[in-house]
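Keep the viewer open as you read.

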Amino acid sequence: MEDERDHDTISSSLASLSKQLAGTKLEGSADIPVVDLSVSDEYFLVHEVVKASEEWGIFQVVNHGIPEELMRQLQVVGKQFFDLPEAEKEMVAKEGDFEGYKRKYLGGINHWDEHLFHRLSPPSMINYKYWPKNPPQYREVTEEYTKHMKRLTEKILGWLSEGLGLPREALTQSIGGDTAEYVLRVNCYPPNQDLGLVLGAAAHSDMGAITLLIPNEVPGLQASKDEQWFDLNYINSAVVVIIADQLMRMTNGRFKNVFHRAKTDKERLRISWPVFVAPRVDMSVGPLPELTGDENPPKFETLVYNDYIDQKLKGWALEDLPVY
């Protein structure tokens, strides 16, 4: 993992880090944390999510309140979309922005990429032309899932805020409150016999604040810790929580922005549904004043989020890393 003091030199540091991660081995024995949210002890929940965010930057939550049937429906309509003929999928194709459907857009790089990308919230930012009309249940299911996803995100950010000694709403407000952007990306990774050539998504950290992801039953997500790769164990109906760059920066490095990657499977189709939660592009993001001082000076520059995006995308372009 990069030295935190140098983390904002994004383009220059990404090259050495990605080479370092490429050489790591999948040999760790520790399990990525799992937090049961049905526990009534709030102090325990705060402790568990903070510990996982400090030590791993990734954890799974179970008994989170999102109905299993709704999660199943989300997975069904997602797979039904990718099963459509290419001409039907192209009806919601990208048109210059990041939203929409795209297939193999990485060109000559040996990474398969087929995905559907669109905003979920705030309502003023939603462009329904990128939401599939087929299957017909897609919009209803996705909008209901969004309501539950926002509630869960705010709960987790609330516990993380309390663990930092801040008011419960602090981190939620620091990413814009009701104006924070929620974006869904549905990733499709077809079976691939030659796993040596194709990697679903290269090693990266997410550029937003926090990501909440559900996979189908086919494993493939891996996280880096202490220069080792760890497989994420599949747990039915669990939600994977990924700490992203802006939470690391806001907490002055206390929370870890985990580097992760996706592997394809030899025989089975793998699909994942990450929801990326990020500040508005015009918000300034940096270490929170309440968490810095003479004994803990800021380790990161405060940047307008859109400027941070531009810097990171330039770094990814230099390294042929995917926008994931």
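Predicted model: local features only at pLDDT ≥ 70, side-chain atom pairs only at ≥ 80, totals over all residues.

## Around strand β12

Strand β7 (residues 210-215) and β12 run antiparallel, joined by six bridges.

Stepping back for a moment, the protein has eight helices and 14 strands. Of its 324 residues, 55% count as buried. Looking at contacts with a separation of 6 or more, 78% are between residues 24 or more positions apart.

Nonpolar side chains tend to be buried together in soluble globular proteins. The largest nonpolar core here has 65 residues, and Tyr145, Ile156, Leu160, Ile210 and Leu247 touch the most other members. Helix α5 (residues 138-163) supplies the largest share of this core, with nine residues. There is also a second, separate core of eleven residues, which includes Ile32, Trp56, Val240 and Val258.

What does Leu247 touch, leaving out residues up to four places away in sequence? The list is Leu157, Leu160, Leu171, Gly208, Ala209, Ile210 and Phe255.

Helix α5 also holds Thr146. With a relative accessibility of 6%, Thr146 falls under the 20% cut-off and so counts as buried. Its side chain reaches the backbone oxygen of Thr142 at 2.8 Å.

Asp245 is a charged-residue case worth a click, and it belongs to helix α7 (residues 245-250). Its relative accessible area is 0%, so Asp245 is buried. The side chain of Asp245 makes a polar contact with the side chain of Ser205 at 2.7 Å. Not counting residues up to four places away in sequence, Asp245 touches Ser205, Asp206, Met207, Gly208, Asn257, Tyr308 and Lys312.

## Rings and charges

A search of the whole structure turns up seven aromatic pairs. In one of them, the ring centres of Trp56 and Phe230 are 5.0 Å apart and the planes sit at 75 degrees, so this pair is edge-to-face. Trp56 is in the loop between α2 (42-55) and β2 (58-62), and Phe230 is in strand β9 (residues 228-231), so the pair ties together parts 174 residues apart in sequence. Both Trp56 and Phe230 are buried.

Phe81 and Tyr101 form another edge-to-face pair, 5.7 Å centre to centre with 80 degrees between the planes. Phe81 belongs to helix α3 (residues 68-82) and Tyr101 to strand β3 (residues 100-103), so this pair ties together parts 20 residues apart in sequence. Phe81 is buried, and Tyr101 is buried too. Ring pairs link Phe81, Phe82 and Tyr101 into a cluster.

| Charged end | Ring | Distance to ring centre |
|---|---|---|
| Lys150 | Tyr182 | 5.7 Å |
| Lys225 | Trp56 | 5.2 Å |

Trp56 thus turns up in several places: in the second core, in the pair with Phe230, and under the charged end of Lys225.

Most residues other than glycine have a negative phi, and most peptide bonds are trans. Where are the exceptions?

A cis peptide bond joins Ser121 and Pro122, with omega about 0 degrees. Another cis bond joins Asn134 and Pro135, with omega about 10 degrees. Pro122 is in the loop between β4 (114-121) and α5, and Pro135 lies in the loop between β4 and α5 as well.

As for phi, Glu227 has a positive value near 60 degrees. Glu227 sits in the loop between β8 (221-225) and β9. Asn252 also has a positive phi, near 60 degrees, and lies in the loop between α7 and β11 (260-262). Is Asn252 buried or exposed? Its relative accessibility is 2%, so Asn252 counts as buried.

Methods:
Residues numbered from 1 in each chain as written. Heavy atoms only, no water. Core = buried A, V, L, I, M, F, W, Y, C linked by side-chain atoms within 4.5 Å. Buried < 20%, exposed > 50% of the residue type's maximum accessible area, 1.4 Å probe, protein only. Helix = DSSP H or I, 4+ residues; strand = E, 2+ residues; numbered from the N terminus. Contact = heavy atoms within 4.5 Å. Pairing = 2+ DSSP bridges. Phe/Tyr/Trp six-rings, centres within 6.5 Å; stacked < 30°, edge-to-face > 60°. Lys NZ or Arg CZ within 6 Å of the ring centre and 35° of its normal. Polar contact = N/O pair within 3.5 Å; in protein donor to acceptor, adjacent residues only side chain to side chain.
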